[in-house]
Amino acid sequence: MPVLYLAPMPDSHASDYDSRPSDSSGGGLDFWRAATIARRHALLILGCGIIAAGAMLAYSLLQTKQYTAQASLLFRDPGFDQRVFGVPSFQVTNDPAREAETNVRLVSLAVVAARTARRLDHGLATAAVRSRISVDNKGNSDVIAVSATDHDPKFAARLANAFAETYISFRRGADRAKIAQARALVQQDFGHLGAAEQQSKEGQALREQISNLATLQALQTGNAELVQHADVPTSPSSPKTTRNTVLFLILGLGAGFLIAIFRERHDRRLRNADEFTQSFELPILGLVPESAALEVSESGAPQELPFAEREAFRLIRTRLRYFNIDREIKSVLVTSPSPSDGKTTVAWNLALTAASAGLKTLIIEADFHRASFAQRGGLAPIPGLSELLSRQTPLDQVRQQATIAPRGEKGDEHDGDNGSSRGETRFLDVIVAGASPPNPTELMESKEMAKLLEELRAEYDLVVIDTPPIAVLAEAIPLMKLVDGVIAVGRFGKTTRDDAIELSDHLKRLGAPTLGVVANRARKGRRYGYGYGYGYYGSEGERSGPTGLRVGGRGS
């Protein structure tokens, strides 16, 4: 036996609710809001990621593969000058960072590239060598990495080794030339001495200095050693197809998420129950699922709604009972911010649900612009309300009956209005709009309309009035003070925050006895287990929260 679970019913007065934000899309973006946006725009975000990753993948595959080989130079002073002379012959800096930067600049000299080009004899110009070589200092160490890049991995290794060796040779030659110059000066001084002076202590000292400079010249290494030769690379250094594709996938997803946020902030349509309550400043009376069974029947034959749709309207009617605690609700007016929100569908099926439960129910079509009751109930389009109010036709002749599809089951545990059998045929009394009058607003303001509602309220258990959208036409305004309650209808994914706020402000200014809002066209989700459960979701699959309907049988 199915059991109906009702969420706690909030108070009927809008003033008891928290004030709505002027724009619910503003403010910070917390985790849940971000998750909601990501889920709502999942296809957009995923599409951006795939496009970005696909573009980078295609670009990478079209690029020529480049290979990078790396040789390592170690810079250190072997101290030969100290061993020969006892003191350093060259000035030594105490700033490691400056020394490392100096070494990088020395290795990067154009003269090294030019000599490397001549040494390789590969037809490369100096500029071509420099474009293929990069020199980097490995942290704060004394090691310099010489990297060579080329489409041929073997030539890349050859180029890196040749460049490193050329630098060592260049630096060694420069240091030897400097010492040779000093040695020539000492020899010149020694040559200016006479034979006796050359045999003196001064001459012997110059002779020893010449010998030491010759030894030091031969020992010069340029203070650089090739500590690691470049090996032939086995994998390309560019393009990094996998890395780039993954990176652009992430960037694409991020761009898609930013686009989604932009769309959220500029797309003001209501998409979940929280947005309905905040914008309308009204409690949710019910969520009507998106269903083909609720579409207008052209034949007018009585149709049985599916279980979930029937329970949605039963929940709305059941919640209206809570208002009877403070005041009797016998007449309700149904309106909406704009056309196509589904107010007529809600009004019609609410009346059908009440009548099927045994309540004496009447529905009045007070929307002369989009009359559809005759089609829905298989009724005559005239005479109707306009003929009644203009005193052309009496009430008994405009009142028609729509047949309600009989139920074959016994009892109604959810309703409890009477204990009669569901199998018997029931009827809904209907007053259609009739011919379109030239002065609909005046008819709604007439004493005839007020007298009619008072008479019908005394005769029926429930009178439902379908009116035009209040924010579009003023015809429903005179009826606001004549009914016990007003129900607003909004549509997921169509009604905007501005529409909802405008309608809410209208109702407040008019002092209308608002009851709540019905959110129409909610997507329906189903959970399976040992029993059955129904949950309603927003227009983009967003869970509607605690105000949703849940009907469950025996659990696991």
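Trainee: Which residue of β4 is the bridge partner of Ser134?

Mentor: In this predicted model, Ser134 has Ser147 of β4 as its bridge partner. That pair belongs to the antiparallel pairing of β3 with β4 (residues 143–150), where 5 bridges join the strands.

Trainee: In what order do the strands of the sheet lie?

Mentor: The sheet is open and has 4 strands in the order β3-β4-β2-β5, with antiparallel pairing. Its edges are β3 (133–137) and β5 (224–228), each of which pairs on one side only, and the twist from one strand to the next averages 30°. Helix α7 (residues 153–191) packs on this sheet, where it touches β2 (67–75), β3, β4 and β5, and the direction of α7 makes about 20° with that of β2.

Trainee: How should I describe helices that pack on each other?

Mentor: Two packed helices are described by the angle between their axes together with the distance between those axes. Here, α12 (residues 307–320) and α13 (residues 343–356) pack at about 75° with their axes 9 Å apart; angles of 65 to 115 degrees count as roughly perpendicular, and α12 and α13 are therefore roughly perpendicular to each other. Among the residues that meet are Phe313 and Ile316 in α12 and Val346 and Leu350 in α13, and the contact as a whole divides into 6 nonpolar, 3 polar and 2 charged residues.

Trainee: At roughly what angle do the axes of α11 and α19 cross?

Mentor: The axes of α11 (residues 273–280) and α19 (residues 497–510) cross at roughly 40° and come within 8 Å, so these helices are oblique to each other. Their contact involves Glu275, Ser279 and Phe280 of α11, with residues of α19 including Arg497 and Ile501.

How values were computed: Residues numbered from 1 in each chain as written. Predicted model: local features only at pLDDT ≥ 70, side-chain atom pairs only at ≥ 80, totals over all residues. Heavy atoms only, no water. Axes fitted to C-alpha atoms, helices over the stretch in contact; angles between N-to-C directions. Helix = DSSP H or I, 4+ residues; strand = E, 2+ residues; numbered from the N terminus. Parallel < 35°, antiparallel > 145°, perpendicular 65-115°, else oblique. Contact = heavy atoms within 4.5 Å. Nonpolar A, V, L, I, M, F, W, Y, C, P; charged D, E, K, R; others polar. Pairing = 2+ DSSP bridges.
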